Amino acid sequence: MAYDAEDTKRRIFAAATAEFAERGLAGARVDRIATAAKANKQAIYLYYGSKEKLFAAILRAKLEEVCVSISIDPDAVAESVGQMFDWYQEHPELIRLLLWEALEACGEPDEGERERHKAFREKVHRLADGGVAHDLAEEARVRAAQDLLFTIMGLIAWNFAVPRTCRLVLDEETEQAALARRRETVVETARRLATTPDT
């Protein structure tokens with residue numbers, strides 16, 4: 001059977017995603033990734049260059065995945081937020097990767113960070129151009145859209161960053177029940193934020 005480079009890359013990517021989500025960049029081991037991927041370490045270095053570059057590639061791909069899957073519709077912010085909540089519930093690894101990045105990242109912004117900044121800027125301008133804080137001057141409208149976007153991201157992400165705390169605070173028997181309750185609250189909060197005149 002011929003060697004399938006693309007299949008090997010996919011297996012490495014999946015194994016590394018699980019390893020990084022569980023252990024972070026510092027705790028992840030290339031040996032474990034190679035074993036889980038049924039690949040050799042040399043393939044990992046050949047395709048990705050280093051453990052750090054592999055982590056960055058995975059984070060970039062996961063963020064692109066959520067951006068492609070869901071966008072915030074300025075005319076239906078609450079519905080978009082509900083879809084985002086569902087996506088994060090189905091893909092809990094992204095929140096874990098972002099938390100590990102926050103704990104372990106250091107140094108100057110890399111190319112990935114510039115790309116992410118550009119993607120967020122596009123989302124902000126879409127919200128601002130779509131009518132968020134339409135009664136404000138352009139600069140204030142953009143700032144209001146930035147605040148709205150970041151607030152929405154926080155409303156969603158914290159539920160998956162600390163699911164046990166969510167369950168305990170809400171006094172629900174299961175994390176699933178707590179998340180279902182939180183989804184309703186987050187969607188309604190987003191609806192109110194998006195319709196507040198001075199958002």
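The lining of the largest pocket is made up of 20 nonpolar, five polar and three charged residues, where Ala, Val, Leu, Ile, Met, Phe, Trp, Tyr, Cys and Pro count as nonpolar, Asp, Glu, Lys and Arg as charged, and the others, Gly among them, as polar. The model is a predicted one, in which local features need pLDDT of at least 70 and side-chain atom pairs count only at pLDDT 80 or more, while totals for chains, interfaces and linings use all residues. Residues are numbered from 1 along each chain as its sequence is written, and side-chain values use heavy atoms, with hydrogens and water left out.

A pocket is an open set of points on a 1 Å grid over the protein atoms alone, where a 1.4 Å probe fits, with protein on both sides within 12 Å along at least five of seven lines, and its lining residues have an atom within 4 Å of a point. Of the 28 residues lining the largest pocket, Leu98, Phe120, Leu149, Phe150 and Met153 lie nearest its centre.

Among the residues of α8 that are buried are Leu149 and Asn159. Asn159 counts as buried because its relative accessibility is 4%, the limit being under 20% relative accessible area with a 1.4 Å probe and protein chains only. Asn159 touches, among others, Phe85, Cys166 and Leu179 (heavy atoms within 4.5 Å), not counting residues up to four places away in sequence.

Methods
Buried < 20%, exposed > 50% of the residue type's maximum accessible area, 1.4 Å probe, protein only. Helix = DSSP H or I, 4+ residues; strand = E, 2+ residues; numbered from the N terminus.
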